[in-house]
Amino acid sequence: MDTAPCLAPIMAYLATRSWQPLPFQVETWKAYLAGHSGLVQVPTGSGKTYAAVMGAIAEMLVHPAEGLQLLYITPLRALSRDIEQAIKTPIEAMGWNLTVESRTGDTSSSRKTKQLKQMPHILITTPESLAVMLSYKDGAKRFGQLRVVILDEWHELMSSKRGTQVELCVADLRSLQPKLRTWALSATLGNLEEAAQTAVGLGTEPVIIRSNLKRQTVITSICPASVDTFPWAGHLGLRLFETLVEALDLEKSTLIFTNTRNQAERWYQALTFALPEHGERIALHHGSIDVKQREAIEAGVKTGDIKWVVCTSSLDLGVDFQPVERVVQIGSAKNLARLLQRAGRSAHVPEGTSEVFFLPTNALELLEISAFRRGLDLGDMETRRPQPKPFDVLVQHLVTLACGDGFAPQKTLDSLRQTVAYADLTDAEYQWVLDFIEKGGQCLGAYPRYKKVVLQDGVYTISDAKLARTHRMGIGTITANTPVKIVYTNRKPIGTVEESFVSRLKKGDVFFFAGRQLEYFQLKDMVLYVKSTRKTSTVTPTWGGGQLAISDTLSHHLRQEIESARLSSGEAAPTLIDPSAINASSLPVGSTPEETRSPQSLPERDALNNPEILTIAPILAAQQRLSPLPSADELLVESCKTREGQHLYVFPFEGRFVHEGLGFLWGYRFAKQKTATFTISVNDYGFEILGPKGYPYQDLFSSDFFSLDNLEADIRASLNISELTQRKFRGIAQVAGLVFKGYPGSRKTSSQLQVSTSLLYDVFTKYEPDNLLLKQAEREVLQDQLETHRLAKTLNRLNQRAVIWKDTKRPSPLAFPLLVERLNSRMSNETLLERIQRMKAQWEQR
């Protein structure tokens with residue numbers, strides 16, 4: 001197919017900018033015009049947006065039509081503004097007769113109503129807004145002319161319930177327009193084939209387009225001048241804020257990433273304290289700050305008025321910040337893809353060099369950054385997998401379709417089975433879902449609000465117009481504690497915090513939020529009214545969401561890094577590896593044995609000149625005085641006795657979530673042989689089991705502790721699985737529409753929602769134990785929270801390692817963070833730092 005005539009308008013526009021299209025862009029345009037669907041994976045900042053849309057725009061110019069032609073789905077509302085502007089720029093410059101609009105939660109009601117009546121040619125939207133559009137009638141008229149759906153930042157969406165929601169919505173669009181093409185865009189995915197198939201649906205052969213563009217990522221660690229030989233989580237971090245200020249340049253545009261909103265608030269406070277005369281050039285950006293303020297900050301970065309932005313994942317994704325020259329990561333990103341994504345915010349141009357400064361929050365994180373370098377050098381990346389049959393999302397989707405034009409059950413089932421998420425949906429499971437939304441299932445049939453759909457003439461439609469309105473207000477898969485709006489007494493909005501934080505405040509209390517000192521004035525109808533104040537406070541809101549854990553891919557490189565550190569520190573003589581002996585299958589894509597790094601750059605030799613390893617050398621030396629550093633094929637187990645009891649420390653280096661499951665599993669398997677009460681603490685490097693004094697861990701230990709026999713049964717027995725399942729069920733019940741959060745201005749509190757979901761959980765558990773939503777809650781606990789799939793692999797891996805038992809007189813540097821992790825959760829009239837210093841003094845006296 002000769003695409004040159006069709007692409008002529010695009011080439012003409014590029015010529016006006018003195019641009020040449022990149023080869024992957026031309027390849028994508030040609031594949032699109034040939035009728036294909038697929039996935040484009042290129043480094044961030046390389047021009048994916050134009051690769052995705054220009055082929056479709058060229059076709060729209062040659063074969064014009066009315067109505068919606070291109071639907072662009074993005075995971076963040078903030079991205080929609082940049083994408084809309086990027087697409088409008090060539091259209092307005094060339095005078096093409098095409099309209100472009102956005103539709104997100106920030107779009108006005110009047111604009112949304114106009115869009116439903118007359119859609120633009122190109123619409124940028126979010127998964128939730130697309131689902132809401134499908135809940136209105138005349139979907140065939142609205143989407144019948146659609147040519148293509150673009151799925152932006154597919155790596156971010158795919159593995160979440162939002163990704164499942166997108167799969168379902170796009171499957172419905174394909175039923176309205178069978179020739180619909182789908183293109184996914186990504187920068188950081190390790191399983192491209194699976195990701196591409198999930199995007200385009202089963203039965204379509206996806207085209208996968210890569211590029212040979214290379215983005216260099218330069219990582220510089222901000223190392224402390226000295227380290228405590230007994231490190232613990234958080235012992236660095238803010239202590240290094242003056243070091244960070246000295247390392248940075250206020251004239252260089254910089255994004256300073258933190259892993260939590262609370263951390264962002266505290267770092268912003270520290271930086272503005274250090275540079276009070278430059279406060280207007282430093283900003284704070286996270287998802288709980290009012291959207292108008294976030295937009296103003298983003299505009300300030302682009303104009304250069306704002307130089308430093310302390311931010312969270314709110315700026316992770318493809319917001320186009322070309323002025324940004326440098327990125328700072330506070331604490332480990334825990335994930336190769338996340339670090340690469342954040343690094344890509346700097347030098348946001350093709351083949352730019354990303355500059356990342358890494359500041360550790362504890363000294364052992366320097367090992368992680370060294371592992372990041374190793375992984376990125378090898379081109380490794382984490383895999384993302386679609387959710388397996390989340391029934392809550394399916395329940396919501398079917399009610400959404402019923403609110404619109406309705407759905408025919410068999411035709412919809414056929415469409416569902418073309419998605420990867422529901423490919424193996426059984427007839428019995430589908431019928432259960434239909435009965436649940438039509439009759440309320442086995443338990444809720446007496447309540448009209450749970451009978452959401454009716455079957456008429458072979459089509460399910462919504463049973464009541466009021467139910468349709470309340471359903472639209474609850475569409476979405478993001479669940480969180482009920483937010484409380486924070487506004488000034490003049491009603492100017494500031495942002496949102498969680499109800500649990502506000503419940504600890506009283507009138508007159510001062511707290512720090514959105515970069516301001518605020519005084520509690522009044523709480524009314526889930527709105528907290530505040531006043532500006534000159535009083536100062538370090539009280540900062542906290543948000544739920546849990547802690548990040550290192551990924552499977554990073555944990556592999558972390559174990560290799562510890563092996564290198566062990567060899568370089570003299571515990572064993574370094575062994576140089578002959579490059580010709582390396583198997584080609586272990587090399588980066590496109591490498592051959594002859595192209596491998598020289599012996600001087602191999603990990604064993606690297607560690608000798610590695611700044612991170614040199615910085616933590618005192619910690620490694622202290623570890624080796626008390627206990628070994630384990631090699632990659634060893635499992636280190638330490639035991640020591642204190643006044644608290646008998647401690648067992650185990651170091652698989654597999655990540656927090658895996659260690660949580662392992663800790664409880666081993667505790668249960670010990671208790672089966674000798675009854676005891678244990679306390680478990682975990683971090684990314686290992687876990688602690690604290691038992692009674694003299695507990696005979698080593699005598700009771702055997703290879704059975706690595707056994708996969710009865711694994712799930714043992715995990716259920718070792719944990720209060722019903723409590724964890726009940727917590728998980730709260731979110732599932734919200735997504736499935738079983739609880740109503742309330743109308744705007746009169747939202748239900750978290751405690752009200754909790755009571756509602758707890759009642760439903762108890763009813764289902766007692767009268768319908770095979771309820772699919774209950775089964776899903778338990779599966780999510782096991783697979784997502786405890787990562788049983790990784791746990792099984794870990795047990796297999798540990799079973800092949802030599803177990804090194806070591807009795808120590810006190811906790812080693814590797815064990816000490818686990819001890820602190822447990823102490824931090826205890827009530828005491830001493831501060832954590834005071835307790836730590838007291839313990840160290842006692843050990844030194846010994």
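Let me begin with a definition: a residue is called buried when its relative accessible area is under 20%, exposed when it is over 50%, and partly exposed in between, with a 1.4 Å probe and protein chains only. This is a predicted model, in which local features need pLDDT of at least 70 and side-chain atom pairs count only at pLDDT 80 or more, while totals for chains, interfaces and linings use all residues. Residues are numbered from 1 along each chain as its sequence is written, and side-chain values use heavy atoms, with hydrogens and water left out.

By that definition R790 is buried, at 8% relative accessibility. D552, by contrast, is partly exposed, at 30% relative accessible area.

I turn now to salt bridges. Side chains of opposite charge can pair when their charged atoms come close. The rule here asks for a side-chain nitrogen of Lys or Arg within 4 Å of a carboxyl oxygen of Asp or Glu. By this rule there are 31 salt bridges. One of them joins D552 and R790, with 3.8 Å from N to O. D552 belongs to helix α21 (residues 552–568) and R790 to helix α31 (residues 788–799), so this pair ties together parts 238 residues apart in sequence.

R801 sits in the loop between α31 and β25 (802–807), and E654 in the loop between β22 (645–651) and α25 (656–673), 147 residues away. Are these two residues, R801 and E654, buried or exposed? Both are buried.

D714 and R669 also form a salt bridge, at 3.1 Å between the closest N and O atoms. D714 lies in helix α27 (residues 711–718) and R669 in helix α25, 45 residues apart. Both D714 and R669 are buried. Through shared partners, salt bridges also join R559, E654, R797 and R801 into one network.

Finally, the helix pair. The axes of α16 (residues 391–403) and α18 (residues 427–439) come within 10 Å and cross at roughly 55°. Axes are lines fitted to C-alpha atoms, for helices over the stretch in contact, with angles from 0 to 180 degrees between N-to-C directions. That angle makes α16 oblique to α18, since angles under 35 degrees count as roughly parallel, over 145 as roughly antiparallel, 65 to 115 as roughly perpendicular and the rest as oblique.

How values were computed. Helix = DSSP H or I, 4+ residues; strand = E, 2+ residues; numbered from the N terminus.
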